[in-house]
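Dear colleague,

Please find below the structure that I am handing over to you. My notes on what was found in it follow directly after.

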Amino acid sequence: MAKAELMDYDKALELFEPVLGFEVHVELNTKTKMFCGCANEFGSGANTNTCPTCLGLPGGLPQVNRQAIESSIRLGLALGCEIAETSRFARKNYFYPDTAKNFQTSQYDEPIAFNGQLTIELETGRLVTVDIERAHMEDDAGKLTHMGGAAGRIQGADYSLVDYNRGGVPLVEIVTQMIEGGEADSPEIGKTYVAAIREIVKALGVSNARMEEGNVRCDANVSLRPRGSNILGTRTETKNVNSLRSVERAVRYEIQRQAALLHAGGTITQETRHWHEDTGTTSAGRPKSDADDYRYFPEPDLVPVAPSRAWVEELRATLPEPPAARRKRLQADWGFVNLEFQDVVNSDLLDVLEATIAAGAPAQAARKWWTGEIARLANAAGVSADSLVTPAQVAALIELITDGTLTDRLARQVLEGVIAGEGTPSEVVASRGLAVVSDDGPLIAAIDEALASQPDVLAKIRDGKVQAAGAVIGAVMKAMRGQADAARVRELVLERAGSAAVEPAPSGSGE
Amino acid sequence: MTSLINQTAAALAGLLADGSVSSVDVTRAHLDHIDAVEPDVHAFLHVARDAALATAARVDARRAAGEKLGPLAGVPIAIKDVLATHDMPTTSGSKILEGWIPPYDATVVRRIRDADLIPLGKTNMDEFAMGSSTEHSAYGPTHNPWDLNRIPGGSGGGSAAAVAAFEAPLALGSDTGGSIRQPAAVTGSVGVKPTYGGVSRYGAIALASSLDQVGPVTRTVLDAALLHDVIGGHDPLDSTSLTDAWPSMTAAAQAGLADGALKGVRIGVIKELNGAGFQAGVKQRFEETLALLSAAGAIVSEVSAPNFEYAVSAYYLILPAEASSNLARFDSVRFGIRVNPEDGPLTSERVMAATRDAGFGDEVKRRIILGTYALSAGYYDAYYGSAQKVRTLIQRDFAAAFDKVDLLVSPTAPTTAFKFGEKTEDPMAMYLNDITTIPANLAGIPGMSLPMGLAPEDGLPVGLQVMAPARADARLYTFGAAVEQLLEAHWGHTLLSQAPALANIEMFATEGGAV
């Protein structure tokens, strides 16, 4: 396939106005599938989570999963949608081997949720409001694996395998209205919008929201309108863009590709396009027209879904604070500057930080530990930070520093102990004997000994060369195995050096 | 010595319960009779001889051990091949499912097994229940026991013929536009299409989901009621299944046997289902039946259902539309036969096409094409949409009629059994044959067919159709049992006792000699 010509991005924006639209599929994390009792589970043996209904066997019939309806309503509400008083499933008819019934049970003219809005904030602080046309329920298809031939692609494959474990898994498809005026921010709008959806479904707890497992999948529609024209251009639909960065790249790529093509006098084919993560390009899929005829009709095997208003209000009351509002509130509460706060958000540490602070830790100390030492250890171990320690443990650790029991250095050792499963921070302090020595007695004894063994240093201090005390402090800290407060040691060193009680050891006494 | 095969299910149940006969004896008698008459009748696509005898032996052993069994325990039953059975092939009369054994039982099959009935085998039918004659079965037609050159009705001709030919006392059928009632009518048996949602459709291979309903096929109204009680009731696996607490249909049927059961019952004769196009002998027996009903104290009046004239047209849009989608799953990927294209590349699309081309019969293809067209963008409103509106109008006609009367009656079919080949070349003539039975499916109401005599001109059975409001199935059984008793008293015998002997067997030998 010839590599597509791309126009310089800035030039493309000069000549054309991008118009966007997104369809985001969210896989719900219900225990069972949308229309049968099979487990909704990732990673089981091929075709083990199947039954006559989700295999589309003759005689199989669907039953609606109430939990999926509940999750869909909550998601609809979180997107500011209206919830339909009655909503119906419809059959979307098309033949494809991954679709067991050769129709998808979806919703057509009566979706469960419609007319929503989601405001997203770009890095520049620009606010963009995305209008949500609808959020509807449907069942997922199975998974095809093409064997033999080139790189697992269908072209040239010898045969294909199909796993229906995913067939019938509940999906909510969120469809935006056309997004105009995105201009040069268009790619970032795509990324930020999908990130916002991901954050919302995660906060709601309705999806595992792992893009790498396909829990959240994005189809990006892009068209270009020549400057000065009010006629929409032909759009392409880039399917299954499965990371935030890819959404951004795919939108940008399509803008550049379409601009080059249009500028050269070509036309855009209305089609689906495949996104290639490795090359960062899209390639033509199947032609798609608005006249694609799926022969929708109301699903006769299911009765309409008519959620009572009381239930909807009950569910509305369970909605968590919108993630964007929550971030604003937390940043203000904690007094973090943007960089500090972004660091926390990007490291996915918002929840643990909030919990740590709720457990009594000062915000900055909590941030410092989570984004610092804990993140470093997690990185090294290749695990997530919150899998190493709990917010309560971190708060307890910070408390021990604040009350002077531990220095930062000791606290790092305690943290290691906690991670190693040796118990709570206090238990680790006790068992490893790591507390700061706050009794002056042992310190004075160690200082006197150090001063006595370094008469030249003692002399310098007595001559007023206070900085010479460093050598003694070092020796004392070493003798105390670090379990001393260095500032206090310094104070005592100066005090003891000025005292007559300390005498240099008689020369020749060293053996 | 009373023959075991000409007993009603109720009578057999009594003999089994009091230990006069064993289920193995009853089952073997039926299996032997099946062997004798099947070459002529071809009601069965599969006979499970060994499994039936083994099941019967187990039921006998449990009964002998003192276990309390259900009322029909040990009674044999035939199952329409549209119903999934985990231990018998299930083809829905189609080549595309040849040899397919489902990994599960339909809910109604599970219920008859749980009630310890003895499945004898699977009965023939028009392919995917599309037809009124069983001539569209991929496995050859079933013959009417009354005249082997005639159709047994359809699509459930196999179940009706099996019952009428005494191969089974009970059978299960399915009725989308008359597939239980019309075969019952033309074979002189009893068939009931329950209220939509009254009996689970789970495991019934769908023809038209919004019309299909599973129901009993028997020789008496009481037997139908007994079977209805076994298979009916809510099933969480069928979302359209009603959650109603149903009354006992058996008790309802027994109530119909009481003196004066017909007194004051308001019967509506549907004007639009009693006119031109009805065979003279059919009309004659219908009029006679109405006269008998009046004489028994029923109040007979005429009601009009003006929208019934659109019923067949609406039905033949809704049915193909739903069927075109329901039958999409027959694609060779997961089950059924697979046919590769003769030349060219082996893509999944081309294999699907070749399989469907080879696996589906002409009538199935005709309806898939009709339905695909009716659902197509730009035609949906004109066809499927309009048809659904007609459906609403027909429901209103029924509602208006049931404001005035308790039950509606009509001949079950316009004619008696026609000869093979008479209508196969003219699909419209075949479709119009369902004019009487289709409205009940469109409205979701229950309907029953029971014998009301033989047409004088051809000596073939004529059926009386009775319809009741949705959920009033019990009313059908009470009335049906009363009418059956009235007619048999009038005739002095059961209708099926007049059927010609099919094999060299003294079917009705009694101690008093042949009846």
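In chain B, ring pairs join B:Trp100, B:Phe128, B:Phe330, B:Phe335 and B:Phe360 into a cluster. Rings of Phe, Tyr and Trp (its six-membered ring) are paired if their centres lie within 6.5 Å; planes under 30 degrees apart count as stacked, over 60 as edge-to-face and the rest as tilted. By this rule there are 22 aromatic pairs over all chains.

This is a predicted model, in which local features need pLDDT of at least 70 and side-chain atom pairs count only at pLDDT 80 or more, while totals for chains, interfaces and linings use all residues. Residues are numbered from 1 along each chain as its sequence is written, chains are lettered from A and ligands numbered from 1 in the order in which they are written, and side-chain values use heavy atoms, with hydrogens and water left out.

Two of the ring pairs are described here. The rings of A:Tyr94 and A:Tyr294 have centres 5.8 Å apart and planes at 75 degrees, so this pair is edge-to-face. It links distant parts of the chain, 200 residues apart: A:Tyr94 is in the loop between strand S3 (90-93) and strand S4 (103-106) of chain A, and A:Tyr294 in the loop between strand S13 (281-287) and strand S14 (297-298) of chain A. Helices (H or I, at least four residues) and strands (E, at least two) are DSSP runs, numbered from the N terminus. A:Tyr94 is partly exposed at 25% relative accessibility, whereas A:Tyr294 is buried at 16%. Here buried means under 20% relative accessible area, exposed over 50%, and partly exposed in between (1.4 Å probe, protein chains only). The rings of B:Tyr379 and B:Tyr383 have centres 6.0 Å apart and planes at 15 degrees, so they are stacked. B:Tyr379 is partly exposed at 35% relative accessibility, and B:Tyr383 is partly exposed with a relative accessible area of 29%.

With helix H7 (residues 338-346) of chain A, the angle is about 50 degrees and the axes are 11 Å apart. That makes H7(A) oblique to H9(A); angles under 35 degrees count as roughly parallel, over 145 as roughly antiparallel, 65 to 115 as roughly perpendicular and the rest as oblique. The residues in contact (heavy atoms within 4.5 Å) are A:Glu340, A:Asp343 and A:Val344 of H7(A) and A:Gln364, A:Arg367 and A:Thr371 of H9(A).

The axes of H9(A) and helix H11 (residues 408-419) of chain A come within 12 Å and cross at roughly 55 degrees. H9(A) and H11(A) are therefore oblique to each other. Their contact includes A:Trp369 and A:Leu377 of H9(A) and A:Leu415 and A:Ile419 of H11(A).

A:Ile447, in helix H13 (residues 440-453) of chain A, is buried, with a relative accessible area of 0%. Leaving aside neighbours within four places in sequence, A:Ile447 contacts A:Val476, A:Val489, A:Leu492, A:Val493 and A:Arg496.

In helix H4 (residues 107-114) of chain B, the buried residues include B:Thr107, B:Val108 and B:Ile112. Among the elements that cover them are strand S2 (76-80) and helix H7 (221-231) of chain B.

With kind regards

Terms used: Axes fitted to C-alpha atoms, helices over the stretch in contact; angles between N-to-C directions.
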